[in-house]
Amino acid sequence: MASIPSMCVPKIKAESVKQFLIQNKVFRFGVRPDHSQDFVFFPITQKLSPILLSKLKKSSSKIKQSMHTFPEKEPLQSLNLKDSLKNQLSSEELSHLISAYDIVGSIAVIQVPKELMNRKSLIAKTVLKINHSIQTVCMITGGHSGKYRIQPVKLLAGKKTTETVYKEHNCLFKMDIAKVFFSPRLSFERARINDLIQPNEVIGSFFSGVGPYSIIFAKNSNTQRVYSVELNPSAVKYHKLNNKLNKVEEKVELLKGDVHKIVPKYLKGTCDRIVMPLPETGELFLDEAFAALKPEGGMIHFYTFAPRADLYSHAVSELEKVAKKFNRKIKIVRNEICRTFSASVVQIVLDVSVSEP
Ligand SMILES: C[S@@+](CC[C@H](N)C(=O)[O-])C[C@H]1O[C@@H](n2cnc3c(N)ncnc32)[C@H](O)[C@@H]1O
């Protein structure tokens with residue numbers, strides 16, 4: 001095969017960079033990634049823009065963009081969904097097809113627009129046929145909602161289960177995607193924060209779900225202790241199981257309940273770093289984040305939704321209000337978009353350093 005653009009990535013960063021390339025629509029499907037002893041080569045559709053490249057390089061200076069000759073192997077089964085359906089759907093139908101989908105372990109989670117509802121079974125069976133690692137295909141039937149932020153799904157094809165095991169950053173996560181929140185799209189963000197953790201830090205992992213942030217930190221960095229706080233009984237059940245599966249029970253303490261109640265009772269003044277991955281209502285928990293930090297301060301990773309037209313001013317003013325109330329000084333050390341939510345709304349993250357005035 002001729003030489004094509006690729007990203008050369010240290011193996012330890014491979015999963016998160018792959019997610020990042022997929023999300024930014026530059027991952028080239030249909031060419032099998034290659035590897036050397038320490039690096040993985042991902043095929044990409046075009047050279048990355050300087051902004052995307054510098055974002056990636058912040059996670060590891062060893063990440064490089066290069067031309068790479070991918071070895072000829074039997075063609076990948078994961079063909080493009082649109083190509084695979086072109087003889088079975090009309091061009092009008094193909095124009096409505098959403099060919100990108102999330103994969104959580106052995107489950108593909110697809111979106112079917114209303115124009116293609118009567119074709120959903122064909123689409124689901126095609127996903128199964130073209131991707132041999134997938135055993136189940138589910139369709140999203142609504143947005144994330146309720147206090148547990150669960151997304152309703154309907155089984156369409158394959159094994160009749162919504163339980164699976166997903167792998168990320170050397171860790172395994174068992175979960176039932178119909179009963180808990182989970183997004184593989186935040187993989188890059190989890191790796192980014194993991195790399196900021198200093199030896200012996202105590203971390204408050206609010207809204208911990210089935211444990212992705214907490215377990216990745218406990219397993220891949222030198223934390224002293226991670227306190228997970230989670231409300232959803234199903235997420236708590238899987239988090240407990242995942243602590244065992246990843247052998248981090250000694251380091252991760254799982255506190256079941258509401259952040260509003262758990263922090264004043266158990267976590268006041270104990271943490272060096274807080275992660276707050278609840279973008280819908282995170283700002284209602286800023287008091288708890290400030291209260292959980294050690295008296296000398298620390299770092300808060302605050303996630304929220306924001307309109308593209310005005311990304312940071314609301315979040316910064318909320319942070320300043322709470323800082324004033326707690327008599328703390330804050331410095332925004334980083335702010336960026338970490339996920340697109342809709343055409344006009346994005347999820348942002350602010351890394352906030354908190355110190356004594
Ligand atoms: C957006 S999800 C993030 C889950 C996980 N951190 C992840 O990235 O997969 C938010 C989680 O916070 C939990 N949650 C919502 N309100 C909560 C509260 N007041 N106290 C503790 N957990 C809460 C939900 O049940 C849900 O699992």
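Q: Which residues of α6 are buried?
A: In this predicted model, the buried residues of α6 are Ser187, Phe188, Glu189, Arg190, Ala191, Arg192 and Ile193.

Q: Why is helix α6 described as largely enclosed?
A: Helix α6 spans residues 187–194, and seven of its eight residues are buried, so the rest of the structure largely encloses it.

Q: Switching to the ligand. How many residues surround it, and which are the closest?
A: The ligand is surrounded by 21 residues. Phe181, Phe207, Gly209, Leu231 and Asn232 are the closest.

Q: Which helices and strands supply at least two residues each to that shell?
A: Helices α7 (212–220) and α9 (259–267) do, and so does strand β12 (225–230).

Q: And how do the shell residues divide into nonpolar, polar and charged?
A: The shell around the ligand has 13 nonpolar residues, with four polar and four charged.

Q: Which domains give at least three residues each to the shell?
A: Domain 2 (81–161) and domain 3 (183–355) each give at least three.

Q: How many residues are in contact between domain 1 and domain 3?
A: Seven residues of domain 1 are in contact with seven of domain 3.

Q: What gives the most to the domain 1 side of that?
A: Helix α1 (residues 14–23) does, with five residues. That side of domain 1 divides into one nonpolar, four polar and two charged residues.

Key: Residues are numbered from 1 along each chain as its sequence is written. This is a predicted model: local features need pLDDT of at least 70, side-chain atom pairs count only at pLDDT 80 or more; totals for chains, interfaces and linings use all residues. Two residues are in contact if their C-beta atoms, placed from the backbone, lie within 7 Å. Helices (H or I, at least four residues) and strands (E, at least two) are DSSP runs, numbered from the N terminus. Ala, Val, Leu, Ile, Met, Phe, Trp, Tyr, Cys and Pro count as nonpolar, Asp, Glu, Lys and Arg as charged, and the others, Gly among them, as polar. A residue is buried if 20 or more other C-beta atoms lie within 10 Å of its own, exposed if 12 or fewer, and partly exposed in between; C-beta atoms are placed from the backbone. A residue is near a molecule or strand if its C-beta atom, placed from the backbone, lies within 6 Å of it. Domain bounds come from an automatic or database domain assignment.
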